[in-house]
Protein chains: 2
Amino acid sequence: MSDVFDKCSNWKDFRIAKATGLYPYFRSIEASHGATEVEIEGRRVIMVGSNNYLGLSADPRVREAAIKAVEKFGTTCSGSRLLNGTLALHEELETKLAKFLNRESALVISTGFQTNLALSSILGRHDIVFTDRQNHASLVDGIRLGFATERKFRHNDVDHLEQLLAAAEPDAGKIIVTDGVFSMEGDLCNLPRIVELAKKYNARVMTDDAHSMGVLGEKGRGVPEYFGLEAETDLVMGTFSKSFASLGGVLAGPFEVINYIRHKARSVIFSASMTPASIASALKALEIIEAEPERRARLLDIAEKMHNGFRAMGFDTGVSVTPVVPVHIGEQVKCFRFWKALHEAGVFANPVIPPAVEAGHALIRTSFMATHTDAQLDRVLDTFEKIGRRMEVIPETRPTSYEKVQIARPGSGVRSNKASDKWAAASAGELAAKGFTLDQLSRMSSREMAGKLFDAVEHLTWRAANLQPADLRKLGGASLKLWEKRGELGGKILEKGAHFFMRNGQDSNGSQAERN
Amino acid sequence: MSDVFDKCSNWKDFRIAKATGLYPYFRSIEASHGATEVEIEGRRVIMVGSNNYLGLSADPRVREAAIKAVEKFGTTCSGSRLLNGTLALHEELETKLAKFLNRESALVISTGFQTNLALSSILGRHDIVFTDRQNHASLVDGIRLGFATERKFRHNDVDHLEQLLAAAEPDAGKIIVTDGVFSMEGDLCNLPRIVELAKKYNARVMTDDAHSMGVLGEKGRGVPEYFGLEAETDLVMGTFSKSFASLGGVLAGPFEVINYIRHKARSVIFSASMTPASIASALKALEIIEAEPERRARLLDIAEKMHNGFRAMGFDTGVSVTPVVPVHIGEQVKCFRFWKALHEAGVFANPVIPPAVEAGHALIRTSFMATHTDAQLDRVLDTFEKIGRRMEVIPETRPTSYEKVQIARPGSGVRSNKASDKWAAASAGELAAKGFTLDQLSRMSSREMAGKLFDAVEHLTWRAANLQPADLRKLGGASLKLWEKRGELGGKILEKGAHFFMRNGQDSNGSQAERN
């Protein structure tokens, strides 16, 4: 007899990640020093893993606005916008955002996640929604909660999009939905072509500008402004937890559409409204975004410095043209080890592993704030270089040349950078299927061999810990015994690995970071 | 060729509600006076339409905690719990909530809505979820986002639940999900029977205690504590926008299950975390909830006073045993008119209409705070009585006797009150199908006739405005002309109605409220 909870007790990833020391999640921040540095486990680290692009979460004017709102309206609205949760402040923010975004109407919603869920309210049974495969999870869920037919196109593949549009029922209502800036790899959607296709096939267009509002375009209105295609983009969405120093989201577009969503979206009418403090923070941030374009300029300068800084060392930052700067590592466990070395060296960045990226394409995602100092940025670069060399992600000496990045500055029209062939072209299989022969092993130095074997042990531990009953059934009855002992397996393999290293008198992991 | 946006431009409810003056939503609050009174359109009104049960949103200690958190941590965490959005404060709240709720583990999530969506992560393809038809929208959506088979049972009908359990695949994983207190009508789930059935059929149980945490049970732990069935309830959920003076939610249960949800739920890992101010407010509110049981006692005293106060006048407050006090009106347009009269008389309450309740069962939902004064409550009762008599919801003189309510006080075991036969038994059809014959009309006084005709005009206006093409197709080709002119229809009928009243020299609506 099975139990809904079985899947939870059978899940091993967490335990094994903790046991191997490669657990990169839910790190607890004890204090913040101007948002660019935070304290973790009593140590001060540089934060390059935040979406606080303009650094406004630490701005005294934003804090002051939040505090005043708490004093005037309390700590909560105790209800939904529809009923008792609408303050004049909510309406003020909506009016100002509509004006800022050049839209008839704007609707603010309690979280960015719920803002994308609200899309579901206009997706009827006779509609078709065309969606990029790498769109944010909240868009995926918003589309699942709607009743439209879903057609997914390959990431940023406008030819595939056109095939799907051409094959669709001509009379159906159609909408193309895409992230403006893709959050993990920092690349832009191909809005110019998407808009052309939308005209040709009579479809509406919506962009998720969570990572571009406040950041891209002359005025900071995001990807549609950047491409000069605001009139052609029917709906735009943004979140307040990135550039707006708050929590919440906005959906903007024609009055009739926004008004319909306002009254019909379940994530709006059945959820308590944004708190007074969050509304006031977003309002003040909007004022600063409009008044201080120099923040955007500084942020893009920083993005250029970091992309080129990493590339000069031999790292690959992929196709990104934005302050989201992915540093390509490749294999998942190696990525976790890279993350751990960064963590121990005082740099807070985030590992991104499959399924958020393709297998073999694991990366360290860095993202920057307009308020980072050059000294902080140089420390980050220096740390990456040391770890990258030690872990053989980059060569011992800097390459003689590298491809300089282009940044999506206002008016530049830049859409993409060149990634290395390995990054851009290699299939997931090619990158993931690595190993070595006994012959290769015999020619290794003991230090090299230790490293390789450590990798292999970690790999195996990880895989063994994640075996599923279905995987084992494929191996036939012989594996049943193994399966029964799966609980001890990870530990045993780890133990063997540990003995190996003790004999070799070294630990290829963290402690070396301090010696470097 | 159709357009995704067509449904928005075709939607008429909003325009007609605005035109008739019967638009009760998104009322903008300009200022708050200790949460029990607020300013709307420059007027001060009594708030009995909030979920701020303990009145803590205005508590100076809670405000102080929120302000300190803004000073120390800024206005946002700029990322998800998983990556850069976990503060030591989040962990402190989780530890304290787990202790408070007697659970191994607790997980705090950015909104109550997203807390229920997180349930989806444990609903696998081979599971079956049994859900009350009147569960909150966020549970409905959480279940839709999961992959389990859904079995809906009739509201609070445990016999129907047992039929569904008995008919289900015995080997499937099973979970029964129910609101603890149903938010619109204030009734309790039948947790004792649900727990018995869960044991018999090997199912897990989850309660949504949004409206009972902080309110019911000796210690305020909600419906499972109230029934003495905490050990038998596997997962409990609560929101911070009600008793906790904040925004967010909590899911608590066994460590392995909560830990799995923490790492797998999309509404957790892909959404920015609760703001420092919201975490600090909830922490302080929890401290007060534990330290000041007198707030709960006062709230339940108020609930008793209001239920019995309304009943003494002849109103029906249904089966509620909680501080959610529904006042039964019946027909939807009448309910809107009742709402409007309350609004004009300075009482903020909310109309609840189909589909949130059954057709013919529209009600005014009132809900109370521990901080309401007796003088405020008496003003509310007085206002309801005047309007109720004028609108013939209650008789001109008080009934000689009425059924006293029982309130769900700790240890009482009370689960339900007696509703009037009309409220409890009449089918939606019986209540909705009202009208009068020419013969009846001829015997009416002119005042009575005016009232009846006004009702009919409003009714007709509302219905005409909401006609759908499919409705009209049923009427055959003759109605096409009418359909083409539907835009003008509401206005014309209203105009006729207005002429009628002018001739009779009275306005049965708002202005009379001031004369009374």
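Modeller: Buried means under 20% relative accessible area, exposed means over 50%, and partly exposed lies in between. The model discussed here is predicted.

Colleague: Which side chain does B:Lys284 meet in a salt bridge?

Modeller: The partner of B:Lys284 is B:Glu287, with 3.3 Å from N to O. B:Glu287 counts as partly exposed, at 46% relative accessibility.

Colleague: Where do B:Lys284 and B:Glu287 lie?

Modeller: Both belong to helix H12 (residues 276–291) of chain B, three residues apart, which is about one turn of the helix. In an α-helix there are 3.6 residues a turn, so residues three or four places apart point the same way.

Colleague: Turning to chain A, what does A:Arg204 form with A:Asp234?

Modeller: A:Arg204 and A:Asp234 form a salt bridge, and their closest N and O atoms are 3.0 Å apart. A:Arg204 lies in strand S8 of chain A and A:Asp234 in the loop between helix H9 and strand S9, so the pair ties together parts that are 30 residues apart in sequence.

Colleague: Is A:Asp234 buried or exposed?

Modeller: A:Asp234 counts as buried, at 14% relative accessibility, whereas A:Arg204 is partly exposed at 25%.

Colleague: Which residues gather in a patch of positive charge on the surface?

Modeller: That patch brings together A:Arg125, A:Arg144, B:Arg125 and B:Arg144. A:Arg144 is found in helix H6 of chain A.

Key. Residues numbered from 1 in each chain as written. Chains lettered and ligands numbered in written order. Predicted model: local features only at pLDDT ≥ 70, side-chain atom pairs only at ≥ 80, totals over all residues. Heavy atoms only, no water. Patch = residues over 30% accessible without salt bridge, like charges linked within 9 Å, V, L, I, M, F, W, Y side chains within 5 Å. Areas by Shrake-Rupley, 256 points an atom, 1.4 Å probe, with all protein chains shown as cover. Salt bridge = Lys/Arg side-chain N within 4 Å of Asp/Glu carboxyl O. Lys, Arg positive; Asp, Glu negative; His and termini not counted. Charge placed at Lys NZ, Arg CZ, Asp CG, Glu CD. Helix = DSSP H or I, 4+ residues; strand = E, 2+ residues; numbered from the N terminus. Buried < 20%, exposed > 50% of the residue type's maximum accessible area, 1.4 Å probe, protein only.
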